[in-house]
Amino acid sequence: MTSYRELAEVCEELSRLSGRKDKVAAIVRFLRRLSPEEAGHAALFLIGRTLPEGLEERLEISWATLDEVLENRGQQTLEAGSPPTILEVAEAFRRMAGIKGKGSRERKKLILSSLISRMTALEKKWFTRMVIGEMQHGVNEGVLLEALSELAERPLEKVQRADMLLGDVSELAMRVRARGGEAVDEVRLQVFRPIKPMLAESCESVEEALREMGGEAAFEYKYDGARVHIHVRGGEVRVFSRRLSEITGSVPDIVGQVREGVSAREAVLDGEAVAIGVDGRPLPFQELLKRFRRVHDVEEVSKKIPLKLRLFDILYLDGRDLLDEEYSRRWEIMAGVVDEDLLTPRIIASEPGEAEEFLRKALEEGHEGLMAKRLDSPYRPGRREKLWLKIKPAETLDLVIVAADWGHGRRTGWLSNYHLAAYNPETGGFEVVGKTFKGLTDEEFEVITKRLLSLKLSDDGYTVRVKPQIVVEVAFNEIQRSPKYRSGYALRFARIVRFRDDKRPEEADTIDRIRELYLRQFERKSLA
Ligand code: AMP
């Protein structure tokens, strides 16, 4: 049984090492010492996660709770007993995620104190960072996958793909530790096992998209909705969100549209759920997420905010894995089994003018823009590459709230000025690029204040620092160089457009993206 202390020591070592190769080697050495089951949990712990994706959100340990337990240490006599093992820590998280309802805070505190009272300062340090989700030792999922690739003796690309198909890096680590490279070779797409959706890079214009994609591309409407993967087998339909949680029960209308409009024995389809208003135009995204979280009165709400499914890809059909087929071929196959009115409108164009016209039409109908797709591209689960490019005329950034100031005047009692940060994949930390109190309704101030307080790390009476967890989409007028922030950049006239609860904090825009947008401003200015 390996102790959690050993993991904390490795984290300490990782934060001292600066080279990526050295970090990978240290992780490999550590995982080799562990049993498969331990390796599975350790893989998550090393990258600042407590539970596999889908379960993590249920843990709900607030900083206040953790802090109370940590603070208590003086009064409590150090519980006799051995230091907690990795498996004990994992088991504790699993139990805490299952606790709900009245008295749950106290019950979680008990579990936490029985662990923490047996930890030294070093373990506490890394345990806290892990629960907060910000390790600051420069090891993200990418580095971990490199380590697994070495451990499995398989190319990184294969390991990345296995990870995306499994949708759970702890499961992958466990299998690799148990069966080496074979475990990687064996991973297949399976109906009803959710996989990560393919993602897109941003681009400026249809011209740029055409240039990137070799002169010709597909242009699809980019809907302002929420991503869904639909799995079908026989009469059973199951729907998964972008974060791989199952939402079938909340979206009977989507399930109905699939039953009606998809004629396949077995299929995995990719698309967007769009909320439709009474006038037939799309409703704001916020309304839509309400539907996704809904567990009560589902029928009633689905009448008020009906969802419309729009499909744009197929990954599996009747026993055949289609991930490596070309986009054009996949679309053809999809069109063969999906009713026309469920398909996303699209054109294939090589003329910028034609694509431009299509973009105008999409915007007029109230959608976000276009998605350009390379005609010969495979489906790469979970990858953000230039095979898909999003063209959104109104540029926004997805940023994480890391702190907020107490409001005054009309906003007394609310946390109102939000410190917005971009993700730094190098360190796994978040760097502030601006602040704003603009864009929210009173009701939203109320709600977000509550959410932020449950994530509180510290409060000096003026600013409350919070666990980096809430992702918001932010509009702005300009990016400036600024010595005020460590990131070196500041957004001018930032305002919150909406919450992006469908994104994990690590999926926020990166500091590199901010740099890129900053530099691009000059290109535009010098052209003007
Ligand atoms: P973003 O969330 O801004 O990074 O944009 C990517 C998201 O756009 C995807 O995850 C989908 O939810 C959404 N989307 C809307 N329309 C499409 C489309 N035609 N193809 C792919 N993704 C789309």
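What covers the buried residues of α5?

Guide: The cover of the buried residues of α5 includes α1 (4–16), α2 (20–33), α3 (36–46), α6 (104–116) and α7 (121–132). Cover here rests on contact, meaning heavy atoms within 4.5 Å. Helices are DSSP runs of H or I with at least four residues, strands are runs of E with at least two, and both are numbered from the N terminus.

A word on the source. This is a predicted model, in which local features need pLDDT of at least 70, side-chain atom pairs count only at pLDDT 80 or more, and totals for chains, interfaces and linings use all residues. Residues are numbered from 1 along each chain as its sequence is written, and side-chain values use heavy atoms, with hydrogens and water left out.

Now α5 itself. The helix covers residues 86–98, 13 residues in total. From first C-alpha to last, α5 reaches 19 Å, close to the 18 Å expected at 1.5 Å a residue. That expected span is 1.5 Å times one less than the number of residues. Ile86, Leu87, Val89, Ala90, Ala92, Phe93, Met96 and Ala97 of α5 are buried. Buried means under 20% relative accessible area, exposed means over 50%, and partly exposed lies in between, with a 1.4 Å probe and protein chains only.

Next, the loop between α1 and α2, where Leu17 lies. Leu17 has a relative accessible area of 24%, so this residue is partly exposed. Leaving aside neighbours within four places in sequence, Leu17 is in contact with Asp22, Lys23 and Ala26. His137 is 120 residues from Leu17 in sequence, yet their C-alpha atoms are 8.7 Å apart.

Move on to Lys467. Lys467 sits in the loop between β15 (463–466) and β16 (471–475). Its relative accessible area is 8%, so Lys467 is buried. Not counting residues up to four places away in sequence, Lys467 touches Ile61, Val131, Ile132, Ile401, Leu455 and Leu457.

Finally, the whole chain. The protein chain has 19 helices and 19 strands. Its C-alpha trace spans about 70 × 60 × 50 Å along the principal axes. Buried residues make up 57% of the 528 residues. Of the contacts with a separation of 6 or more, 72% join residues 24 or more positions apart.
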